[in-house]
Amino acid sequence: HRDLKPSNIIFANESDHSIVKILDFGLSTFSRPNQMFEKPVGTLKYFAPELIKEHKYNSSVDMWCIGVILYNMLVGKFPFLAETEEE
């Protein structure tokens, strides 16, 4: 997906057992197993370290985003407070 964030995740309906849907596949791409990407894309607050450092990355960056989302849900703030890549 490469741009997971709360605004790209919704519930299908208002029931207690609703399924979760992921939206906005504008930055997503199909990948082969072990394929690496070079161009950093996504939303800065959810960037994995390899994106900040401009290293090659794979689909594991989506797991990092999920971790940031869960942290924000549980703690009520982002794990990192920087507003720019340099910070």
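A residue is called buried when its relative accessible area is under 20%, exposed when this is over 50%, and partly exposed in between (1.4 Å probe, protein chains only). By this definition E54, at 57% relative accessibility, counts as exposed.

The structure described here is a predicted model, in which local features need a pLDDT of at least 70 and side-chain atom pairs count only at pLDDT 80 or more, while totals for chains, interfaces and linings use all residues. Residues are numbered from 1 along each chain as its sequence is written, and side-chain values use heavy atoms, with hydrogens and water left out.

**Overall form**

Read from the N terminus, their order is β-β-α-α. The C-alpha trace spans about 40 × 35 × 20 Å along its principal axes.

Of the 87 residues in the chain, 24% are buried. The accessible surface, found by the Shrake-Rupley method with a 1.4 Å probe, comes to about 6600 Å², and carbon and sulfur atoms hold 57% of this area. Contact means heavy atoms within 4.5 Å. Among the contacts with a separation of 6 or more, 34% join residues 24 or more positions apart.

**Nonpolar cores**

In soluble globular proteins, nonpolar side chains tend to be buried together. A nonpolar core is a set of buried Ala, Val, Leu, Ile, Met, Phe, Trp, Tyr and Cys residues joined through side-chain atoms within 4.5 Å. The largest such core in this chain has seven residues, namely F37, V41, F47, A48, L51, Y57 and V61. When residues up to four places away in sequence are not counted, A48 touches V61 and W64.

**Charged residues**

For charges, Lys and Arg count as positive and Asp and Glu as negative, whereas His and the chain ends are not counted. The place of a charge is taken as NZ of Lys, CZ of Arg, CG of Asp or CD of Glu. The chain has 9 positive and 12 negative charges, and their mean positions are 5 Å apart.

Side chains of opposite charge can pair when their charged atoms come close. A salt bridge is a side-chain nitrogen of Lys or Arg within 4 Å of a carboxyl oxygen of Asp or Glu, and by this rule the chain has two. They are listed below.

| Positive residue | Negative residue | N to O distance |
| K5 | D3 | 3.6 Å |
| K56 | E38 | 3.8 Å |

K56 lies in the loop between α1 (49-52) and α2, and E38 in the loop between β2 and α1, so this pair ties together parts that are 18 residues apart in sequence. E38 counts as exposed because its relative accessibility is 55%. In the other pair, K5 counts as buried at 19% relative accessibility, and D3 is buried with a relative accessible area of 7%.

Which charged residue is buried yet has no salt bridge? This is D62, whose nearest side chain of opposite charge, R2, is 7.2 Å away. D62 lies in helix α2, which covers residues 60-75. With neighbours within four places in sequence left aside, D62 is in contact with H1, R2, D3 and L4.

Helix α2 also holds M63, which counts as exposed because its relative accessibility is 57%. M63 and R2 are 61 residues apart along the chain, and their C-alpha atoms are separated by 9.7 Å. E14 and V75 are likewise 61 residues apart in sequence, but 24 Å apart in space, C-alpha to C-alpha. E14 is placed in the loop between β1 (9-11) and β2 (20-22), and is exposed, with a relative accessible area of 82%.

**Backbone angles in the loops**

Most residues other than glycine have a negative phi, and most peptide bonds are trans. D24 is not a glycine, although its phi is positive, at about 55°. D24 is found in the loop between β2 and α1, and is partly exposed because its relative accessible area is 43%. E54, also not a glycine, has a positive phi of about 60°. The place of E54 is the loop between α1 and α2.

Technical notes
Helix = DSSP H or I, 4+ residues; strand = E, 2+ residues; numbered from the N terminus.
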